[in-house]
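Colleague: Please take a close look at one helix for me. I want to know what sits on it and what surrounds it.

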Amino acid sequence: MAIIVVTLLALLSVAALALVWFFRGRDEGLRSAEIPATPASVEDTRGSEDSDSTLEKGSSNDSGSDRKAVEKIIAEIEETPPSDESAIDSEYTAESMSLMEGTAVVGQLGTGYDETSE
Amino acid sequence: MKRVNKLLALSIGLLATPTVILAMPIDLPADVLQSIQLKPIAPSPSYPPVVLPFTADFCAEFPETKTKIEVRVVTQGNALAAYVDKLPEETENRRNERDARLEEARSEVDQLRGEQYARLMDRADGDDEEDAVEDYQKSVEDAVGSRRSAVDAAIVEFRKGTDLLLVKRRTAMESTWGSFRASMIAMLAVLETGCANGVATASLVSEFKGSLAAAQAKVLNDKKMAESTQGQMKKLADTQRQDVAIATKIFRAKLTAANAELKQAFGGE
């Protein structure tokens with residue numbers, strides 16, 4: 001009887017250990033499959049300016065890399081549209097539209113006299 | 001097996017329900033159908049037409065016709081007067097709106113450039129490079145300022161020219177209105193006299209049509225004048241566009257020079 005009880009307890013212990021091992025393994029697997037805190041896409045959207053130079057300022061070895069970063073910023077400034085290059089187009093469109101509104105009002109003058117009721 | 005059969009039956013039921021619903025005849029009440037029918041969109045004239053009795057009753061109904069025509073002429077005249085009166089204020093308001101939009105766009109770009117200068121300064125190592133960034137910022141800001149002044153001047157010039165055109169246009173519109181009104185009043189007088197003197201309806205109708213056509217021709221002529229004014233406005237705009245293009249070219253040259261200097265300061269070629 002005692003042998004049976006001991007055997008059963010041993011089997012239960014083995015089963016418990018097996019369960020613990022199984023769940024731990026599953027958690028590890030899930031954890032490794034989790035989305036990283038900083039997604040790759042966010043990294044991608046950051047300017048690559050930092051990757052072109054060392055972050056530490058003043059190092060004699062990073063002057064070349066900093067130059068590249070500076071060139072990139074300069075290019076950005078150069079590519080930024082002046083924001084007022086189409087100002088005259090806007091002016092002409094608006095004033096012209098206003099003019100034509102008046103023409104439409106005048107154009108109403110000769111209309112609305114039904115000549116078809118003969 | 002029974003469980004499998006149940007699941008199978010449930011799946012078939014779920015799949016078949018939308019098909020059955022779609023296949024059912026739509027039996028909506030008539031008033032609901034009426035309310036969702038698409039109505040043809042008819043062109044809606046600003047004024048309903050004055051129906052003229054081109055019949056033997058022309059003179060009998062003339063007083064009523066005359067009143068209708070007078071009301072029409074006055075209503076249209078009022079609409080024109082209202083447009084002309086509010087034109088300066090409308091023009092001013094629209095210009096202010098455009099100015100505000102331009103200012104906003106410029107402000108956004110300024111902010112962006114400010115951030116870019118800060119990033120450049122972060123890259124500067126030592127006094128020489130920091131001085132170079134400061135010089136660069138000053139050069140770019142001077143170039144931006146010059147270009148903006150040129151654009152602002154071009155806008156002012158365009159508006160000055162446009163104001164002159166609008167004054168002329170206003171005079172032309174008022175003249176067209178006055179002329180049209182006079183034609184219509186004269187026409188009504190002729191018709192009234194004709195009716196009083198027993199002139200045949202056919203002659204009166206012919207008189208009416210001729211006078212109306214002449215009055216309408218004046219209105220059409222006004223449209224041509226407006227198109228001509230628009231052409232002059234376009235020339236004004238083209239001139240100012242050229243000025244803006246020159247200012248932009250100068251700006252680009254200054255920017256390129258400033259860029260080269262900064263690159264050199266950062267150990268470039």
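Modeller: Start with B:Thr176, which lies in helix α4 of chain B. Helices here are DSSP runs of H or I with at least four residues, and strands are runs of E with at least two, numbered from the N terminus. This is a predicted model, where local features need pLDDT of at least 70, side-chain atom pairs count only at pLDDT 80 or more, and totals for chains, interfaces and linings use all residues. Residues are numbered from 1 along each chain as its sequence is written, chains are lettered from A and ligands numbered from 1 in the order in which they are written, and side-chain values use heavy atoms, with hydrogens and water left out.

B:Thr176 is buried, at 5% relative accessible area. Buried means under 20%, exposed over 50%, and partly exposed in between, with a 1.4 Å probe and protein chains only. Leaving aside neighbours within four places in sequence, B:Thr176 is in contact with A:Val106 and A:Leu109 from chain A. Its contacts in chain B are B:Lys218, B:Val219, B:Asp222 and B:Met225. Contact means heavy atoms within 4.5 Å.

Now B:Asp135, also placed in helix α4 of chain B. B:Asp135 counts as partly exposed because its relative accessibility is 48%. Helix α4, residues 126-196, gives the most to the patch, with five residues.
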